[in-house]
Amino acid sequence: MLSFDHVTFSYSDRPPVLVDVSLTVSPGEHVMLLGSNGSGKTTIARLANGMVTPGSGTVSCEGIDSVSGDLRELRCLVGVVAQDPESQIVAANLEDEIAFGPENLGLPREEIAARVAEAIDICGLSKCAGREPHMLSGGEKQRLVIAGILAMRPRYIVLDEPGSMLDGYARRDIRKLIRKLRDEGCGILHITHDIAECVGADRVLVLRDGKIAFEGTLTELLERGELLESCGLAPTPMMRLVTRLREDGIAIPDDTVAPSIVAHAVANRGGEGR
């Protein structure tokens with residue numbers, strides 16, 4: 001389990017960015033951390049694998065503490081994907097980029113090649129093989145970064161606003177990849193400011209002014225209108241409609257709030273009653 005236990009954190013002598021934050025992510029669980037800009041979300045990502053360490057409280061994964069434990073082992077367990085994929089790309093071609101992490105672990109060449117091939121397949125990058133990273137689209141670059149993380153065989157992945165710089169189609173591809181990783185047993189901590197990204201998550205947490213202000217399901221969160229407004233996270237009318245339709249028993253896929261799909265689901269339900 002990836003665990004934050006009563007964590008408080010400050011940068012230098014500034015006021016605390018996080019105050020008494022506790023959260024957990026289990027293997028095979030997709031947890032959304034939702035918050036507006038400046039709420040402390042990115043600091044959570046940096047704490048998760050020891051890029052920074054808490055002022056008080058503990059951050060640990062599978063019993064490895066980020067302060068007293070082996071950081072190399074911790075970073076193999078917890079991979080972090082930043083908001084801007086280009087900030088994490090270091091190699092001149094796709095395969096070398098994915099191999100970078102395993103090479104730094106000193107793995108045998110055959111093992112590295114196997115991991116690279118596996119990560120390319122999982123992330124749907126087969127058509128991009130041999131290409132230079134700067135020639136990829138934004139969504140392909142983000143999937144490349146995730147592939148590089150996967151080649152390290154982490155048990156948990158923290159994604160910090162992975163879709164903020166992508167178009168709708170690329171965001172959809174990233175959501176599909178996240179679901180696939182979760183189904184294969186990887187624990188996912190998905191950080192975002194966009195409440196629509198929370199569709200399909202197992203749990204949702206809201207971070208407000210450095211504190212956890214809510215923990216529960218997306219349906220429960222949508223009932224907390226006052227909290228959402230105070231955090232600047234009001235849901236769209238389409239999200240409210242989808243929630244109500246699901247309550248009425250209309251089957252709408254967990255990964256979408258697309259109008260065309262919602263309309264199709266409603267039409268099919270109408271046909272069932274004829």
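Two strands pair if DSSP finds at least two bridges between them. Strands (E, at least two residues) and helices (H or I, at least four) are DSSP runs, numbered from the N terminus. This is a predicted model, in which local features need pLDDT of at least 70 and side-chain atom pairs count only at pLDDT 80 or more, while totals for chains, interfaces and linings use all residues. Residues are numbered from 1 along each chain as its sequence is written, and side-chain values use heavy atoms, with hydrogens and water left out.

Start with the sheet. Strands of a sheet pair through backbone hydrogen bonds, either parallel or antiparallel. Here, 6 strands form an open sheet with mixed pairing. Their order is β6-β7-β8-β3-β9-β10. What stands at the edges? β6 and β10 (211-216) do, each with a single partner strand, so one side of each has no neighbour in the sheet. On average, neighbouring strands of this sheet are turned by 20° against each other, direction ignored. For such angles, axes are lines fitted to C-alpha atoms (for helices over the stretch in contact), and the values run from 0 to 180 degrees between N-to-C directions.

Now follow β3 (residues 30-34) and its partners. β3 pairs with β8 (residues 187-192) in the parallel sense, over 5 bridges. In this pair, H30 stands opposite I188 of β8. β3 also pairs with β9 in the parallel sense, over 4 bridges. There, L33 stands opposite L205 of β9.

Of its 6 residues, 5 are buried, so the strand is largely enclosed by the rest of the structure. Buried means under 20% relative accessible area, exposed means over 50%, and partly exposed lies in between (1.4 Å probe, protein chains only). β9 and β10 run antiparallel and are joined by 5 bridges. V204 stands opposite G216 in β10. The hairpin of β9 and β10 has 2 residues between the strands, and D209 takes a positive phi near 50° in this hairpin.

Two further residues with positive phi are worth checking. D20 has a positive phi of about 55° although it is not a glycine. D20 is found in strand β2 and is partly exposed, with a relative accessible area of 45%. E62, also not a glycine, has a positive phi of about 50°. E62 is placed in the loop between β4 (56-61) and β5 (64-65). Its relative accessible area is 35%, which makes E62 partly exposed.

Next, some separations along the chain and in space. V17 is found in the loop between β1 (2-9) and β2 (18-25). V17 counts as partly exposed, at 22% relative accessibility. V17 and T192 are 175 residues apart in sequence, and their C-alpha atoms are 17 Å apart in space. R72 has its place in helix α2. R72 is partly exposed at 48% relative accessible area. R72 and L105 are 33 residues apart in sequence and 9.1 Å apart in space, C-alpha to C-alpha.

Turn to the cysteines. A disulfide is a covalent bond between the sulfur atoms of two cysteines. The criterion used here is a pair of cysteine sulfur atoms within 2.5 Å. How many disulfides does a search of the whole structure find? The search finds 0. C186 counts as buried, at 8% relative accessibility. For C198, the closest cysteine sulfur is in C231, 12 Å away, again too far for a bond. C198 also counts as buried, at 1% relative accessibility.

Finish at the largest pocket. A pocket is an open set of points on a 1 Å grid over the protein atoms alone, with protein on both sides within 12 Å along at least five of seven lines; a 1.4 Å probe is used, and lining residues have an atom within 4 Å of a point. The volume of the largest pocket is about 650 Å³. Such a volume is the space filled by probe spheres set on the points, with grid points joined across faces, edges and corners. The lining holds 25 residues, of which V80, Q88, F100, I149 and M152 lie nearest the centre. The elements giving two or more residues to this lining are α1 (41-48), α2 (71-77), β6 (78-81), α3 (94-104) and α5 (138-150). α3 gives the most, with 4 residues. By class, the lining has 12 nonpolar, 8 polar and 5 charged residues. Ala, Val, Leu, Ile, Met, Phe, Trp, Tyr, Cys and Pro count as nonpolar, Asp, Glu, Lys and Arg as charged, and the others, Gly among them, as polar.
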